[in-house]
2 protein chains.
Amino acid sequence: MMSRLDDDHTGGRVQELGEAECLELLRTKSVGRVAFSDDTGPVVLPVNFVVVSGSILFRTSPYATIAAGLDNATAAFEVDDIDDFLQGGWSVLVRGRAGYVDDDEEIPRGHDDRPDPWVEGVRSLYIRVTPTTITGRRIHPR
Amino acid sequence: MMSRLDDDHTGGRVQELGEAECLELLRTKSVGRVAFSDDTGPVVLPVNFVVVSGSILFRTSPYATIAAGLDNATAAFEVDDIDDFLQGGWSVLVRGRAGYVDDDEEIPRGHDDRPDPWVEGVRSLYIRVTPTTITGRRIHPR
């Protein structure tokens, strides 16, 4: 049985976003969350990222869990901007394949164009999520 | 071959957080991201949530993708608060099992204690993520 309670809640209007707008919104942010699965199920972790040639690029340690989980694997990447007070905002979901970036040529040369990890230590592994689908939606506050 | 570039980046100090602090941090937020897998891989979507008896509780439509993916399934739930300018903040990751809440008794009675979806329409299905592990970390800005 599904749980039901009386609900007088009338929320905001939802608008599905096109791929072009989703990509535009992705570029306005530098923090997103990458999701992948390991032996015990899904994992989701925040990373600092950039968009390069329509793909998501971020940097991690070669020794981190995130590196093991994103070596030629299906992945998702989520970015949002939600105003909790107004209860409106947008979210974008990239689904696709993640893999290590093997070719330094694909990494932006300018320091400012690279994804900048916050954490100290070796962060020499670049990971790319290549989108299969990009979807998003905007919720207009009530 | 892993991609390597010279890296003069010295990031912030990372601190692993205990479970009690993670739960405390979870309670300071009302928006998190739930991750699950469908036939084509991981999905991650933002939801409005509350913590009830140590579990994550949120509401969705019985007809949504999210409902199909979280019917007695492994799931992850992530909450963070990251200051992109200072490049510091914290994140908490709950891993566990998700399922429908069958018993109305388990849903908080006060309207203010219930997770409040932003989106209009029927949102009568409550989903609970029961933690197996709760981990988190704080990054102290440089």
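Contact means heavy atoms within 4.5 Å. This is a predicted model, in which local features need pLDDT of at least 70 and side-chain atom pairs count only at pLDDT 80 or more, while totals for chains, interfaces and linings use all residues. Residues are numbered from 1 along each chain as its sequence is written, chains are lettered from A in the order in which they are written, and side-chain values use heavy atoms, with hydrogens and water left out.

**View 1. The buried side of helix H1 of chain B.** Helices (H or I, at least four residues) and strands (E, at least two) are DSSP runs, numbered from the N terminus. Helix H1(B), residues 19–26, has Cys22(B), Leu23(B), Leu25(B) and Leu26(B) as buried residues (under 20% relative accessible area, with exposed over 50% and partly exposed in between; 1.4 Å probe, protein chains only). These residues lie on the same side of H1(B) because they cover an arc of only 160° around the axis, taken from the directions from the helix axis to the C-beta atoms. The buried residues pack against strands of chain B, including E1 (13–17), E3 (41–52) and E7 (125–140).

**View 2. The opposite face of H1(B).** Ala20(B) and Glu24(B) are exposed on the face turned away from the buried side.

**View 3. An aromatic pair in chain A.** Phe49(A) and Phe77(A) pair edge-to-face, at 4.8 Å centre to centre with 65° between the planes (Phe, Tyr and Trp rings, for Trp the six-membered one, pair with centres within 6.5 Å; planes under 30 degrees apart are stacked, over 60 edge-to-face, the rest tilted). Phe49(A) lies in strand E3 and Phe77(A) in strand E5, 28 residues apart. Both Phe49(A) and Phe77(A) are buried.
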